[in-house]
Amino acid sequence: MSASYDDNNIFAKILRGEIPSFKVYEDADTLAFMDVMPQSAGHTLVIPKTGSRNLLDVDPAVLSKTIPVVQKIAIAAKKAFAADGIQIAQFNEAASGQTVYHLHFHIIPRFDGVALKPHTGKMEDMEVLKANAEKLKAAL
Ligand code: 5GP
């Protein structure tokens, strides 16, 4: 059985402003910000503001607010980074690869013939993340 939601996770801290992030979009229900260990240029995370561990325990009413933002960011990311495609990833519990237990969707720009960098691999340069956040915001 899965554990319950714990608001000490890193994304809850980002939502509370306790740790910094490069935000690209925010509304009353949802936040989007750059992943610090991007698997490709422009890798962005979309999270609901209401806490749930993942897709398995989220309130469908919350999910219905999150998914349109996933689409919005995916469309903007394709344009901003001139991507050939956009990969959406979402993991549920450790066995599937989840490492942060606040529901999030990965928006990962993909480029023909370019392999993905490893999941939670290497921390990106902060200036690069800042520049990519600006590019994405400009495309929104
Ligand atoms: P998961 O493995 O849970 O699907 O993905 C968690 C994601 O959060 C990873 O892609 C990882 O790079 C990213 N991440 C981990 N810590 C931080 C952080 O402090 N800030 C941001 N912006 N992303 C983080």
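**Note on the ligand site**

1. Helix H1 (10-15) and strand S2 (30-34) each supply at least two residues of the shell around the ligand, where helices (H or I, at least four residues) and strands (E, at least two) are DSSP runs numbered from the N terminus. H1 provides the largest share of that shell, 3 residues.

2. This is a predicted model, in which local features need pLDDT of at least 70 and side-chain atom pairs count only at pLDDT 80 or more, while totals for chains, interfaces and linings use all residues. Residues are numbered from 1 along each chain as its sequence is written, and side-chain values use heavy atoms, with hydrogens and water left out.

3. The ligand is surrounded by 18 residues, the closest being Asp-35, Thr-99, His-104, His-106 and His-119, and a residue is counted if one of its heavy atoms lies within 4 Å of the ligand. By type, the shell divides into 10 nonpolar, 7 polar and 1 charged, with Ala, Val, Leu, Ile, Met, Phe, Trp, Tyr, Cys and Pro taken as nonpolar, Asp, Glu, Lys and Arg as charged, and the others, Gly among them, as polar.

4. A polar side-chain atom of His-104 lies 2.8 Å from an oxygen atom of the ligand, and His-106 likewise places a polar side-chain atom 2.8 Å from a ligand oxygen atom. For His-119, the corresponding distance to an oxygen atom of the ligand is 2.6 Å; a polar contact is a pair of N or O atoms within 3.5 Å. Taken alone the ligand exposes 520 Å², of which the protein buries 92%, the areas coming from the Shrake-Rupley method with a 1.4 Å probe.

5. The ligand sits in the largest pocket, meaning that more than half of its atoms lie within 2 Å of the pocket's grid points. On a 1 Å grid over the protein atoms alone, a pocket is an open set of points where a 1.4 Å probe fits, with protein on both sides within 12 Å along at least five of seven lines, and lining residues have an atom within 4 Å of a point.

Notes:
Polar contact = N/O pair within 3.5 Å; in protein donor to acceptor, adjacent residues only side chain to side chain.
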